[in-house]
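Good morning, colleagues. Please look at the sequence and the model first.

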Amino acid sequence: MVVPEGPAGAANLRYEGTEIELPLERPTLGRPAMDVSALGGHHLAVYDPGYANTAAYQSAITFVDGEAGHLYYRGYPVEQLASSSFLEVAYLLIYGDLPTSQQAEEFVARVRDPKLVPHAAIERLFDWFPQSMHPMAMLSMATEALTAYAEDDPGADPRARVEAAGIRLLSAMPVFTGYAMSVLRGLPKGRSNRSLDYSEDLLQLCFTIPGSDHLPDNATARALNTLLVLHADHELNCSTATLRMVASSGAGFYSGVSAAINALWGPLHGGANQAVIRMLKEIKDSGKPLSHFLERAKDKMDPFLLMGFGHRVYKSYDARAKVIRQVALDLVEKLAPEDPLLDIALQLEKVALEDEYFVLRRLYPNVDFYSGIIYRAIGFPDEMFTPLFVVGRSAGWVAHWLEMTTTSNKIGRPTQIYTGPKERSVPKNPATA
Ligand code: ACO
């Protein structure tokens, strides 16, 4: 690990005649952060809506350079990892370095161990899920249910226990996703084929009609692998921050992942990939020009947003979106050349990137803008897009939980600016008050 250079230094805050020294924490990459722990002693708090300027943890896993549009996993630019296997990248995130070929082999064997196929009781859970249930809710419930069946060694040290739980999660996720897809399709569940590569197995679990011996084609499996790699981690986004918040209370790993899945579901976060396709369909079906939708997105009185555009951290083209855009162009041409939504997306991107509103606010396509188009070309229904995000992001969640377990952390507990009534007494007779 690179040690930050130079004296850490401090920032000084003047408040009501007192000078408060706030020591600086200097990261290896990114903005220095003021340690504001002393503020409580001065009866002061920090107001930072959406935690946009709050560094709640020290982490060595992932760094997003939003100004330049770069994303690094353990220091490696993500575009250089885009064609590595997803499990190699998961190993990198979890253990900190790329695996040797022997380490990669052992890791794959652990994750793909047939004994880790989820317990039959969890499989039966999916029989109770109605076809109308969103697969994100199914994944969240099935993940929580792993708590009951995880035969992890309670005597093992905390690191080994989290590692074992993480491997069980990575092992289960494609199976859960396949089961969720079978509920949506109203078809019997497929069986995990552990001799296949991770992405190939995910595809066959989702698309093979049980009893047939259909195998996914290589190009599609490669594209899916790339998407899993690009979604594997993204520092302290909403769902990972949720995971860490749960971890900080000492709750169990699967409960934290289950909570993170629910946070990811929202349309402003991972659910945007489904929302993008809904928006593109709306544009197509309306027959209205793109300018109409652009004007709506700019109108603050209209809740309509350009889904798949904008990002809390990226203020230039999202590194992942560039790779995904190219995958979309290649795959749609091969699998769904007639799909009009790709054309609409390309045109929308062009007009938005030339529009002053989007230019001034530095709003660019994010990872979700083109990923839904790829999933659609492969044949996934819209509801499955965010679950596929979960499969990739599970790798990052394991890494973050492990880091929480092996570093000292306080319980997460933000403060507030209270705006309610001051103390008052309950009236003697409330009904007549
Ligand atoms: N369409 C129109 N205007 C937008 C959009 C958009 N997609 N995104 C941001 N803006 C505007 C805001 O209204 C704001 O305008 P203002 O300065 O005039 O008030 C300005 O751009 C800055 O945006 P913020 O709201 O401050 O950005 P924030 O960091 O809070 O939100 C977010 C980021 C949630 C991603 C937002 O851009 C958005 O809602 N995008 C659409 C949903 C989306 O694609 N989410 C996926 C993100 S990637 C991921 O989580 C995997």
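**The ligand site**

Of the 21 residues around the ligand, H269, K300, L306, G308 and R312 come nearest; a residue is near the ligand if one of its heavy atoms lies within 4 Å of it. Please note that this is a predicted model, in which local features need pLDDT of at least 70 and side-chain atom pairs count only at pLDDT 80 or more, while totals for chains, interfaces and linings use all residues. Residues are numbered from 1 along each chain as its sequence is written, and side-chain values use heavy atoms, with hydrogens and water left out.

The side chain of H269 places an N or O atom 2.8 Å from a ligand oxygen. For K300, a polar side-chain atom lies 2.9 Å from an oxygen atom of the ligand, and for R312 the corresponding distance to a ligand oxygen is 2.7 Å. Taken alone, the ligand exposes 930 Å², and the protein buries 72% of that, with areas from the Shrake-Rupley method and a 1.4 Å probe.

By class, the shell holds 12 nonpolar, 5 polar and 4 charged residues. Asp, Glu, Lys and Arg count as charged; Ala, Val, Leu, Ile, Met, Phe, Trp, Tyr, Cys and Pro as nonpolar; and the others, Gly among them, as polar.

**Aromatic pairs**

Rings of Phe, Tyr and Trp (its six-membered ring) pair if their centres lie within 6.5 Å; planes under 30 degrees apart count as stacked, over 60 as edge-to-face and the rest as tilted. The count by this rule is 19 aromatic pairs. In one of them, F309 and F369 have ring centres 5.2 Å apart and planes at 85°, so the pair is edge-to-face. F309 lies in the loop between α12 (290–298) and α13 (319–335), and F369 in helix α16 (residues 367–378), so the pair ties together parts that are 60 residues apart in sequence. Helices are DSSP runs (H or I) of at least four residues, and strands (E) of at least two, numbered from the N terminus. Both F309 and F369 are buried, meaning under 20% relative accessible area. Ring pairs link F309, Y357, F358, F369 and Y370 into a cluster.

**A sheet**

Finally, an open sheet of 3 strands has the order β4-β5-β6, with antiparallel pairing; strands pair if DSSP finds at least two bridges between them. Its edge strands are β4 (62–65) and β6 (76–77).

Notes. Polar contact = N/O pair within 3.5 Å; in protein donor to acceptor, adjacent residues only side chain to side chain. Buried < 20%, exposed > 50% of the residue type's maximum accessible area, 1.4 Å probe, protein only.
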